[in-house]
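Let's take a walk through a protein model together. Keep the picture open beside the text as you read.

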Protein chains: 2
Amino acid sequence: MDSSQFRDAAHAALEEIIKYYDTVADRPVLPSVAPGYLKPLLPPGPPQTGEQWSQIQSDIDRVIMPGLTHWQSPKFMAFYPCNSSFPAMLGEMYSGAFNAAAFNWICSPAVTELETVVMDWLAKMIGLPECYLSEGEGGGIIQGTASEVIVTAVVAARERIIRRRLKDMPEGEEKLDKAAEMRGKLVALGSEHAHSSTQKAAMIAGTRFRTVPAPPEAGFRVTKEALRKTIEECRAKGLEPYYFTATLGSTATCAVDDLEGVAELAQENPDIWIHVDAAYAGSALVCSEYHHLCTPMQHFDSFNFNLHKWLLVNFDCSAFFIKKRRDLTDTYTLTPSFLRNEYTDKGLVTDYRDWQIPLGRRFRSLKVWFVLRSYGVEGLQKFIRRHITLGEYFHGLLVGRKDLFTVVTGPAFALTTFYINPTRPSAAVSSSPANTPNPAHEAYTNDFTSDAEAQYREEANRITKEVYERVNSTGEFYLTGAVAGGVFVIRVVSATERAEEKWLERLFEVLVEYAGDALKRDVKGGRTVEMVDG
Amino acid sequence: MDSSQFRDAAHAALEEIIKYYDTVADRPVLPSVAPGYLKPLLPPGPPQTGEQWSQIQSDIDRVIMPGLTHWQSPKFMAFYPCNSSFPAMLGEMYSGAFNAAAFNWICSPAVTELETVVMDWLAKMIGLPECYLSEGEGGGIIQGTASEVIVTAVVAARERIIRRRLKDMPEGEEKLDKAAEMRGKLVALGSEHAHSSTQKAAMIAGTRFRTVPAPPEAGFRVTKEALRKTIEECRAKGLEPYYFTATLGSTATCAVDDLEGVAELAQENPDIWIHVDAAYAGSALVCSEYHHLCTPMQHFDSFNFNLHKWLLVNFDCSAFFIKKRRDLTDTYTLTPSFLRNEYTDKGLVTDYRDWQIPLGRRFRSLKVWFVLRSYGVEGLQKFIRRHITLGEYFHGLLVGRKDLFTVVTGPAFALTTFYINPTRPSAAVSSSPANTPNPAHEAYTNDFTSDAEAQYREEANRITKEVYERVNSTGEFYLTGAVAGGVFVIRVVSATERAEEKWLERLFEVLVEYAGDALKRDVKGGRTVEMVDG
C-alpha cells in the first residue's frame, strides 16, 4: 500500500467510521452473536498474497460489526462509559504514524516532553495539590489502565517499605531472606467495594490482600474508623499493612471513601502507601464543585483516573500522578550500563520507563493534548455537568415511582443504583396514583434480621435480576447489575457523548413495563452480565 | 467537533501524515532539541474554550516535529526497528473508533474472537508447534510489549511452582507463610545478554534473578551446559530456579540461545518455566528457512515476539503464545461474583483479562489482521528477506575493509556488530590496497590476558565509541552501541520499511571517513546513547 493507496483507503475508512458514529444510536447496543461466531467467517490462515483494501474493508461490516458491543451508543449505560471522541481519534492517527518504542527521552523527546506538559495541565485543571506537578518532586505519567497503575503502585509500595525497614542491613543473603520474610507479612488493603485490581495487584506483588468493610450504613464508603480497625487487626496478627487503595467512585455504586479521614491516618502511618483510584469519577474533578475532593490528596502518595472513561480520550489512557517520583524510580530503575545515556545520566530528562512496568511507550499524550484543546476547560466541564444532570433526571424518574423502585445509591457522578420493589404488584401496573411509596421500603435498608426482611430481600433480588436480564436480552439498552450489601441492584449510568434525556426516558418506560410484568410473573431468559468491574 | 468537521480535520491530518512518510528519509533522523525544549512552546495550562483543528494541527509542525526521533526513517539503524505501515494505521483508526474497554467477551465479542483467530494465523505462519494453537490447550494473546509479556510469564511461573509444591497443604496461615518463604528462594534466570526486562520482572515478582553466562566463545549464546551449571549452582545454595528466558535474538548481538539444548533441560526440569523471548528476531520466523527454530518450542511454556518491531504492525503489539493457557488463568483469574457472566461461567468464551495483568484491552487484532491480509504471507517474507540481504550487504562492506573494521557478530537477522581496529592508522586512510586485514585481529577475540591485548582493547573501545558518537551527533544516521564481552561495538541494523542499499552505502562511507579521522586524532562531542535495550 503506497501513499496514494493509503489516502484512498483512509478516506474510505473515515467515511465508514463517520457513518458508524452517525448511526450508532440506531443499532442494538449489544450484539446477538453466539460464542465462536467469528471463526467460521474467516479462512483458516492468512492469504498467501496480499489483498486489496476494498476486500479487507468490506469484511468490517461482514465480520466485525455483528460482534461489536457499542460503547459509544447513548443506549450504553453499563459498567462505566468508555468515551472516544473525534479529536482523540486524530491523536491516535498521529501517534500511529510517528510510531516509536519511546522508552527513553532520546528515543523521541517530544513523546516524553508533551506527556509531562499535558499531565501538568491536567493536574492543574482538576485541582490536584501542587506536590503532584512535575516542577517539584512529583509528576504525572500516562499508563494504560487503572489496573496497570495499581500494580505499579503496589509493587513500588512493597519495595519502599522494605527499603525503609532494611536500610541499615548490608546487602547480601541475609537481607534477601529478611526481605522475603517481610513480603510474606505485607498486606495490601482496599475497600470491599474497590475494584478487584487491588487484589490482583497484591497477588502479583506476592503479598496478602484484605478488604476494609464499607457497609451500606456507611454509604459503602471506607471510613477512617474502619480503616484504622483493619490496620490494627492486621498488626495484631503480626501482619504489616503497606498499601491502601482509597476509592473515589467505587465500582458498584460510585461511593467515595472518607478521604479526609484517610488523610489523617496517612499522616500517622507514613509507611502505608495511599493510592486514590478515581478511575471513573476522577474526570468530574474538572468541575470546580468537585475540587474539594482533591485537598486531602496532599497527604497521599498517588492518584489516578482514566481519561478513557469519562474525559473523551479513547482507550487506553489512565493518568497516574505521583507525589514523589523517586518512590517509583527507586523501584523501577535498572542501572546496567546499556541503559545509560548522557541525558539520563545528567538527570536532565525524564525517562518514563522508570515510572512503569513495561519498557516501550506509545505517544498517548497527543490525544490528551488534542482533546484538552478541542474542548477547552469549559467544554469538558459542560460535558461532565450534562451527565450529572442526566443522572439527576433519571433519579427523579425513579423516585417518581416509589411504588416500583427503591433507589439504593445516587445519583453519584451520574450513576444511580436501585432495585425493584417486590411487593404490591398491583401498584406496579396501575397508572395512577403512581407515586405511592412502598411504606416498608421508602428508603434503602439492608436490615435482613427478620425472616420477613430476608424473604423480602430474596424476592427483590430475584425480580430485579429478572428485569435486568430482560432489558439486556433485547439489546436495546445495556445495563449492568451489582450486588451491594447483599442487595442486587441495577446500575444506570448514562455518560456517553451522545447521551440524551430521551434515552433515559425510554429506558424508564421499559423498566416500568418490565417491572410490572415481573411482578405479575417470572421473566425467563436474557443475557446476564453481573459485572461492574469496568 | 462534529462528523463533518472531523472529516475535514482527518483529511488534513492524513495529508500531513502522508507527507511525513514521503519525506521522512530527508529529515535528520535524530532531533537536535535540548532537554526541556517543548514546555516553553506551550501555554501553562489548557485553553479555557475550545480551539479549532487548524490551530491545533499547525502546532504539530511547530511543537512536535522538532522533537521527534524518526523511527520510520531508512537512516534509523539503532536499537531494533519499530515499523509501522499504512494497513496498521488503518487498523488503529478503526480500533480508536470502536473504542471499548473490552475486558470480557461480552464487552465486545469481536475483539476477543478476532484476536484468537489472528493469533492462530500467526502461530501457523511462523511454524509454532500445534500445542500453541487455541484449538488445544494453548493459544495466543496480544500484549503491549515484550517486557509486559515477561512480567506476565514470570509471575505465572512463580505461582505455578508454588501451587505444585504446596498443593497438599491446607489453605491458611501456614501455607501463606510457606509460600512467602518459597518465593524468597526462587530465582529467575536469563542470559547475560537477555533483555533487562527479565531482571525487572523478577524484581516485580519479588524473587531473585541470576544471569546465565553466554560468553563470546559460545557466540554470546546460552548453552545447555551453561544453563545446567547455573541451575545446579542455584540449587547448591538452596535456591530454586523457576523461570528461564531463552533468547531468540539477544539485545546486543541477536544471538540465539541453544534452544535444542535448553529443550532437553526443560524436559528434565518441568517446574522451570521456559519462555522464549524473540522480540525482534521472531518476525523472521515467517520465512520457512527459520522454522526449524520453532521445533524445540514444543518443550517450552511460552513464546513471544513483537510485531511492532519487524512485522509492520505499529507499536504496541507483542504476540504472546502459551502452551497451556491454564498456566496463565490459574494465576490471573479472580473469581468474585461481580466477574461472572453466563458465557464465562459455561467456559464458552475466552476472557483474555485472565491471561494478563491489566483489565481492559484495546482492539489490536484489527491491525494485525489488516497487515497479514494486505501483505499476505509472501509479502511479509519478502519484507524480511530484503532486510536479511541488506544485512549481508553491509557485512560485506565491512569485511571488505578488514584493515579498518572487525566484525564481532553477524550478520544475524540483519544485525551486524563491529569495532574499529585501533592500530595501523595509515591503512585507515590509505585508499589502496584497502582490503588488508589487520593481522592480529582478523577475527574477533576477547582474549585480553596479555597487557598488550588489554591495551589494544581499550584503544579499540575508545576509538569505536568516538566514531559512534560522531555519527549520531550529525543526526544523519542513528546507531546504537553495545558492550559485548568487554568489547564496545557499533550495532547496525537496517530493517525499516524504507531501508535501501544506498543508505547503508552512505553510512559505510561515513564510517570509513570517521574511522580514518579517529585513528588520526580524537573526535570530541556527540550524542551517546549506549542503549540497546529496545
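This is a predicted model: local features need pLDDT of at least 70, side-chain atom pairs count only at pLDDT 80 or more; totals for chains, interfaces and linings use all residues.

Residues are numbered from 1 along each chain as its sequence is written, chains are lettered from A and ligands numbered from 1 in the order in which they are written, and side-chain values use heavy atoms, with hydrogens and water left out.

Look at where the two chains meet. Here 149 residues of chain A are in contact with 149 residues of chain B, where contact means heavy atoms within 4.5 Å. The size of an interface is often given as the accessible area lost when the parts come together. Chain A and chain B bury about 13200 Å² between them, with 65% of it on carbon and sulfur atoms; buried area is the accessible area (1.4 Å probe) that two parts lose on being put together, summed over both. On the side of chain A, the residues that lose the most area to chain B are A:Phe6, A:Asn99 and A:Arg373, together 6% of what that side buries.

Charges meet here too. There are 14 salt bridges between chain A and chain B, each a side-chain nitrogen of Lys or Arg within 4 Å of a carboxyl oxygen of Asp or Glu. One of them joins the side chains of B:Arg7 and A:Glu15, at 2.6 Å from N to O. Helix α1 (residues 3-23) of chain A gives the largest share of the side that touches chain B, 15 residues; a helix is a DSSP run (H or I) of at least four residues, numbered from the N terminus.

Now stay within chain A, which is divided into domain 1 (3-68), domain 2 (99-362) and domain 3 (379-520), with bounds from an automatic or database domain assignment. Six residues from domain 1 of chain A and seven residues from domain 3 of chain A make up their contact. Between these two domains about 540 Å² is buried, and the count of salt bridges is zero.

Finally, find A:Arg183 in helix α6 (residues 173-185) of chain A. Is A:Arg183 buried or exposed? A:Arg183 counts as buried because its relative accessibility is 13%, and buried means under 20% relative accessible area (1.4 Å probe, protein chains only), exposed over 50% and partly exposed in between. Leaving out residues up to four places away in sequence, A:Arg183 touches several residues, including A:Glu159 and B:Gly206.

Definitions and conventions: Helices (H or I, at least four residues) and strands (E, at least two) are DSSP runs, numbered from the N terminus.
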